[in-house]
Amino acid sequence: MPPNRGQSLEKDLQVNTNQITNNKYFIALAKRLPTILPDMEFEESLETVTDNLNRGEHYFQKGIQSAQYKDFEGAVEHFNESIRHAAYVGAVYLNRGAAYQFLERYLEARDDFQKAISIEKDDPSENSSEII
């Protein structure tokens with residue numbers, strides 16, 4: 001583990017952000033990683049997190065596409081998978097909440113909206129969530 005883990009990780013992530021994702025929500029998460037990484041070996045952590053961010057973004061985009069075609073059940077499934085890989089992205093909860101709302105699953109929608117707000121409070125940045 002490097003002596004200045006946070007600084008080293010931030011430097012590597014700045015260099016690799018475009019490799020991680022082009023989605024602004026996932027980029028915002030990548031920039032917060034020094035505060036949320038588990039205690040793993042540095043290289044293993046970066047590789048694991050990068051892989052999870054890529055998968056999370058992939059399923060997030062599939063959820064957005066499903067919602068645009070009014071397939072809200074499919075959207076929820078894709079957002080669930082995105083959360084499984086990258087649980088710290090408020091936009092995923094926000095959009096899954098919107099899909100739940102279209103499905104008239106209001107309690108689940110409320111819970112997701114609250115989770116999205118909680119995540120945004122932890123990281124108030126220019127990358128605030130937008131809804132589908």
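Biologist: Which residues have the most contacts inside the largest nonpolar core?

Modeller: A nonpolar core is a set of buried Ala, Val, Leu, Ile, Met, Phe, Trp, Tyr and Cys residues joined through side-chain atoms within 4.5 Å. Buried means under 20% relative accessible area, exposed over 50%, partly exposed in between (1.4 Å probe, protein chains only). Here the largest core has 21 residues, and those with the most contacts inside it are F60, A75, F79, V89, V92, Y93 and A99. This is a predicted model: local features need pLDDT of at least 70, side-chain atom pairs count only at pLDDT 80 or more, and totals for chains, interfaces and linings use all residues. Residues are numbered from 1 along each chain as its sequence is written, and side-chain values use heavy atoms, without hydrogens and water.

Biologist: How many aromatic pairs does the structure hold?

Modeller: Rings of Phe, Tyr and Trp (its six-membered ring) pair if their centres lie within 6.5 Å; planes under 30 degrees apart are stacked, over 60 edge-to-face, the rest tilted. This structure holds two pairs. F60 and F79 are tilted, 6.0 Å centre to centre with 45° between the planes. Both F60 and F79 are buried.

Biologist: Why is the pair of F72 and F102 stacked?

Modeller: Their ring centres are 4.3 Å apart and their planes at 5°, so the pair counts as stacked. F72 is buried, at 10% relative accessible area. F102 is exposed, at 54%.

Biologist: What sits over the ring of Y93?

Modeller: A charge sits over a ring if NZ of Lys or CZ of Arg is within 6 Å of the ring centre and within 35 degrees of the ring normal. For Y93, the charged end of K115 does so, 5.8 Å from the ring centre.
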